[in-house]
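Please read the points below with the model open beside you, and follow each one in the chain as you go.

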Amino acid sequence: QVQLVESGGGSVQSGGSLRLSCTMSRTTYSSFCMGWFRQAPGKEREGIAKIDNGGGTKYADSVKGRFTISQDNAKNTLYLQMNSLKPEDTAMYYCAANRFSRTYCNDGPSSGRGFGYWGQGAQVTVSS
């Protein structure tokens, strides 16, 4: 059974930090690449960070330099460290895994092609 379980969301003031975690089965963790996406109310889903199974990372310009995607192989867990948070970072955050196509992992960070497995979402709210 494919299952991605997220945790770590919450409310924080502008300039603060949060860390999201996404725990999954070993099979799902062995995907070609994994990523974090977010969706704010009334907006389209936005891909913000990706990591491939070689450890290569990509970031959307909106979070580059502030967010860090990482993984813990021993725990089958994906992380998103978010620093210097801004009110515009307020959104539901989702982790996702691409087990279908290594090619799509070469897409930019905003692309969701190939990501067929998704977590339930974690709310992040940043107040000014």
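1. Asp 61 is exposed, with a relative accessible area of 66%, where exposed means over 50% relative accessible area, buried under 20% and partly exposed in between, taken with a 1.4 Å probe and protein chains only. Asp 61 takes part in a salt bridge with Lys 64, the closest N and O atoms being 3.3 Å apart; the term requires a side-chain nitrogen of Lys or Arg within 4 Å of a carboxyl oxygen of Asp or Glu.

2. Before going further, please keep in mind that this is a predicted model, in which local features need pLDDT of at least 70 and side-chain atom pairs count only at pLDDT 80 or more, while totals for chains, interfaces and linings use all residues. Residues are numbered from 1 along each chain as its sequence is written, and side-chain values use heavy atoms, with hydrogens and water left out.

3. A search of the whole structure finds five salt bridges, and one of them joins Glu 46 to Arg 38 at 2.8 Å, N to O. Glu 46 is partly exposed, with a relative accessible area of 27%, whereas Arg 38 counts as buried at 7%.

4. Arg 38 also meets Asp 89 in a salt bridge of 2.9 Å, N to O, and this pair links distant parts of the chain, since Arg 38 lies in strand β4 and Asp 89 in the loop between β8 (77-82) and β9, 51 residues apart. Strands here are DSSP runs (E, at least two residues), and they are numbered from the N terminus. Both Arg 38 and Asp 89 are buried, and salt bridges that share partners join Arg 38, Glu 46, Arg 66 and Asp 89 into one network.

5. Strand β4 is mostly covered, with six of its seven residues buried. Six bridges join β4 to the antiparallel strand β5 (residues 46-52), and β4 also pairs with β9 in the antiparallel sense over seven bridges, where pairing asks that DSSP find at least two bridges between two strands. The hairpin of β4 and β5 has six residues between the strands, and Gly 42 in the turn has a positive phi of about 80°. Across these pairings, Phe 37 stands opposite Gly 47 in β5, and Gly 35 stands opposite Ala 96 in β9.

6. The structure holds three aromatic pairs, a term for rings of Phe, Tyr and Trp (its six-membered ring) with centres within 6.5 Å, called stacked if the planes are under 30 degrees apart, edge-to-face if over 60 and tilted for the rest. One of them is the tilted pair of Phe 37 and Trp 118, at 4.8 Å centre to centre and 55° between the planes. Phe 37 is buried, with a relative accessible area of 1%, whereas Trp 118 is partly exposed at 27%.

Methods
Helix = DSSP H or I, 4+ residues; strand = E, 2+ residues; numbered from the N terminus.
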